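I opened a notebook on this structure and wrote down what I looked up, one topic at a time.

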Amino acid sequence: MQETGLAPDKVLFIVVLKACARLAALEQGRQLHSDIIKRGFQSDVIVGSTLVNMYAKCGCTEDARELFDNMSERDVVSWTAMIAGYAQNGLGKEALALYEQMKQEGMQPNNFTFVLLLKACASLGALEQGRQLHSDIIKRGFLSEVVVRNTLVDMYAKCGCTEDARELFDNMSERDVVSWNAMIAGYAQNGLGEEALALYEQMKQEGMQSNNVTVVLLLKACASLAALEQGRELHSEIIKRGFLSEVVVRNTLVDMYAKCGCTEDARELFDDMSERNVVSWTAMIAGYAQNGLGKEALALFEQMQREGTKPDEVTYVGVLSACAHSGLVDQGRHVFDSMCKNHVVTPTREHYACMVDLLGRAGCLDDAELFINKMPIQPDNVVWMTLLGAARNHGHAEIGRRAFDCVVKLEPKNAAPYVLLSNIYAAAGRKDELAKIRNEMKEAGVKKMSGCSWIEVDNQLHAFVVGDATHPQSKEIQAELDRLVGLMKMAGYKPNLSFVLDDVEDEEKENALCGHSEKQAIAFGLINTPFGTPIRIKKNLRVCGDCHNATKIISKIVGRDISVMDANRNHHFKDGFCSCGDYW
């Protein structure tokens with residue numbers, strides 16, 4: 001057009017600036033900005049707003065703000081463009097501060113402004129500011145708009161307020177698939193997989209069609225609960241609905257099967273993929289890691305690189321975790337060193353935690369502590385908790401105490417370090433130190449998280465909490481546990497009382513161990529499934545040493561394969577042995 005000598009008008013500049021914004025074509029955008037100045041269009045409010053949007057979409061929020069501040073006239077689109085720029089570039093605090101300035105200058109926000117601000121609150125977990133926005137939305141009459149209510153549901157859920165999110169959702173006079181997805185995502189992201197799956201059943205009953213986002217969210221919920229049968233049903237529905245060709249759906253299916261302990265099914269899906277991205281490879285590698293198949297993970301990692309897919313930081317977490325769970329210390333060191341030396345990925349705290357885990361599990365506790373002390377970045381609570389866990393596994397009280405002190409400084413209300421250090425002292429018979437740490441725990445006002453286990457029978461999830469007797473079959477479950485304990489003792493089982501921290505008699509400690517949630521779930525599975533059926537358990541915490549030993553014995557005396565997916569990894573028990581080789 002320019003070559004023909006025709007002069008562009010402001011409408012043309014707006015159109016081409018939007019193209020630059022969409023492509024993140026910063027240099028062409030800067031050239032257009034120069035042409036706009038030459039032709040005298042910069043003072044136009046629409047052109048100015050579109051320039052702000054272009055710079056923000058190209059990641060240049062400082063340039064966008066300078067333009068915004070120098071605009072002689074600003075309308076709601078100008079303010080919203082700048083707020084969008086901050087929100088989309090992860091600068092939620094700046095977005096919310098600009099909204100306050102917007103109100104002070106008397107500018108009325110529109111529905112899109114509120115949507116952006118709610119997303120900023122969600123990303124920051126800024127609940128109180130989100131509640132204030134909710135109030136402003138009601139005052140300005142935007143609450144009836146579906147997109148605003150959907151974003152409110154999402155904000156409350158991401159801030160951990162699933163009850164508030166559900167109340168909003170239930171009171172919506174009109175709901176679209178985004179509304180359902182927002183609520184399902186809220187449950188899934190807050191560890192409420194059962195509620196997510198129940199809401200999906202309601203969604204189907206109300207005749208709302210799911211989309212690819214819905215099935216991805218639900219597969220993640222199934223993975224978190226080890227709800228394999230419901231995951232298989234979703235797989236079948238995905239095929240019927242034609243979603244299987246989408247890479248993100250197949251990736252999530254691979255992840256679901258692997259997290260449910262079905263690595264062969266996951267690998268079959270992976271091998272059949274016509275298109276793979278880095279997430280596909282990482283999901284399968286992480287799946288092998290979760291199931292303690294370190295050699296398979298390393299072999300796949302090498303294949304990934306041979307086929308030209310560049311690993312990202314999440315891939316390296318998976319590979320290092322696989323080495324840690326399989327005792328492949330030399331291989332793990334090599335992977336970490338090559339990652340650092342080749343500048344493929346800058347190590348994060350998660351990578352350092354994996355290395356501490358690798359060394360700690362192998363019993364190299366001094367090396368692990370030295371590694372932490374030499375870290376170029378400040379170690380966080382995850383790193384120190386990893387060392388504390390290793391100290392518990394290997395009975396190293398001194399290193400355990402030092403790690404404990406570091407965790408408590410960073411997270412004074414976290415009960416987990418108190419429990420781990422108590423386990424170390426109890427196992428070592430150090431009663432004075434055990435009593436002291438119990439007192440410290442009481443004074444700090446922290447409470448141990450309850451162990452919870454889930455088992456799926458006939459597409460129904462059943463949850464068990466340690467010491468709970470509210471299940472409708474609790475009497476039958478207790479009778480089965482009593483029977484199992486008798487058989488286990490005949491087979492050589494001796495309860496490890498060090499895993500009970502309460503100061504009670506040994507008989508009460510035995511009863512407490514018997515009431516651990518995974519034992520209840522196993523007993524329930526045995527009395528409610530046909531002989532020979534595998535039993536799959538999901539637990540929210542790490543399996544304790546006593547339950548691990550007991551489950552090995554149970555698998556042998558009842559002739560069942562038992563899988564327990566705990567917070568760290570999957571354990572597959574068969575004929576008195578565990579796939580982890582007692583290395584977890």
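This is a predicted model: local features need pLDDT of at least 70, side-chain atom pairs count only at pLDDT 80 or more; totals for chains, interfaces and linings use all residues.

**Entry 1: the sheet.** Strands of a sheet pair through backbone hydrogen bonds, either parallel or antiparallel.

I began with β3 and β4, which are joined by 4 bridges and run parallel. To place one of these bridges I looked up Ile537, and its bridge partner in β4 is Val564.

Next I turned to the link between β3 and strand β1, residues 452–457. I found 3 bridges there, and β1 and β3 run antiparallel. For Ser453 I noted Lys539 as the bridge partner in β3.

I then asked in what order the strands of the sheet lie. I read the order as β2-β1-β3-β4-β5-β6, in an open sheet of 6 strands with mixed pairing. Which strands stand at the edges? They are β2 (460–465) and β6, and each has a single partner strand, so one side of each is left without a neighbour in the sheet.

I went back to β3, residues 535–539, to see how enclosed this strand is. I found that 4 of its 5 residues are buried, so β3 is largely enclosed by the rest of the structure.

**Entry 2: two hairpins.** I followed the chain from β4 onward. Strand β4 covers residues 562–565 and strand β5 covers residues 570–574; the two pair in the antiparallel sense over 4 bridges. They form a hairpin, with 4 residues between them. Ile562 has Phe573 as its bridge partner in β5.

From β5 I moved to strand β6, residues 577–578. The two strands run antiparallel, joined by 2 bridges. I noted Phe577 in β6 as the bridge partner of Lys574. β5 and β6 also form a hairpin, here with 2 residues between them. In this turn I checked Asp575, which has a positive phi of about 55°.

Entry 3: I looked up the second largest pocket and noted about 360 Å³ of space in it. Its lining is made up of 22 residues, and those nearest its centre are Gln478, Leu481, Asn511, Cys514 and Gly515. Which elements give two or more residues to this lining? I listed α27 (474–490), α28 (506–514) and α29 (517–528). Of the elements, α27 gives the most, with 7 residues. I also sorted the lining by class: 9 residues are nonpolar, 8 polar and 5 charged.

**Entry 4: aromatic rings.** A pair of aromatic rings is described by the distance of the centres and the angle of the planes. My count came to 12 aromatic pairs. One of them is Tyr352 with Phe371, a tilted pair at 5.8 Å centre to centre, with 50° between the planes. Tyr352 lies in helix α21 (residues 349–361) and Phe371 in helix α22 (residues 365–373), so the pair ties together parts that are 19 residues apart in sequence.

**Entry 5: two single residues.** I looked up Val383, which is in helix α23, residues 381–394. Is Val383 buried or exposed? Its relative accessible area is 0%, and buried means under 20%, so Val383 counts as buried. Leaving aside neighbours within four places in sequence, I found Val383 in contact with Arg349, Ala353, Val356, Ile372 and Met375. I also took the separation between the C-alpha atoms of Val383 and Ser474, which is 39 Å for residues 91 apart along the chain.

The other residue was Ser49, in helix α3, residues 45–57. Ser49 has a relative accessible area of 4%, so by that cut-off Ser49 is buried too. Not counting residues up to four places away in sequence, Ser49 touches Met71, Asp75, Val77, Ser78 and Ala81.

Terms used. Residues are numbered from 1 along each chain as its sequence is written. Side-chain values use heavy atoms; hydrogens and water are left out. Two strands pair if DSSP finds at least two bridges between them. On a 1 Å grid over the protein atoms alone, a cavity is a set of points where a 1.4 Å probe fits but cannot get out, and a pocket is an open set with protein on both sides within 12 Å along at least five of seven lines; lining residues have an atom within 4 Å of a point. Grid points are joined across faces, edges and corners, and a volume is the space filled by probe spheres set on the points. Ala, Val, Leu, Ile, Met, Phe, Trp, Tyr, Cys and Pro count as nonpolar, Asp, Glu, Lys and Arg as charged, and the others, Gly among them, as polar. Buried means under 20% relative accessible area, exposed over 50%, partly exposed in between (1.4 Å probe, protein chains only). Contact means heavy atoms within 4.5 Å. Rings of Phe, Tyr and Trp (its six-membered ring) pair if their centres lie within 6.5 Å; planes under 30 degrees apart count as stacked, over 60 as edge-to-face and the rest as tilted.
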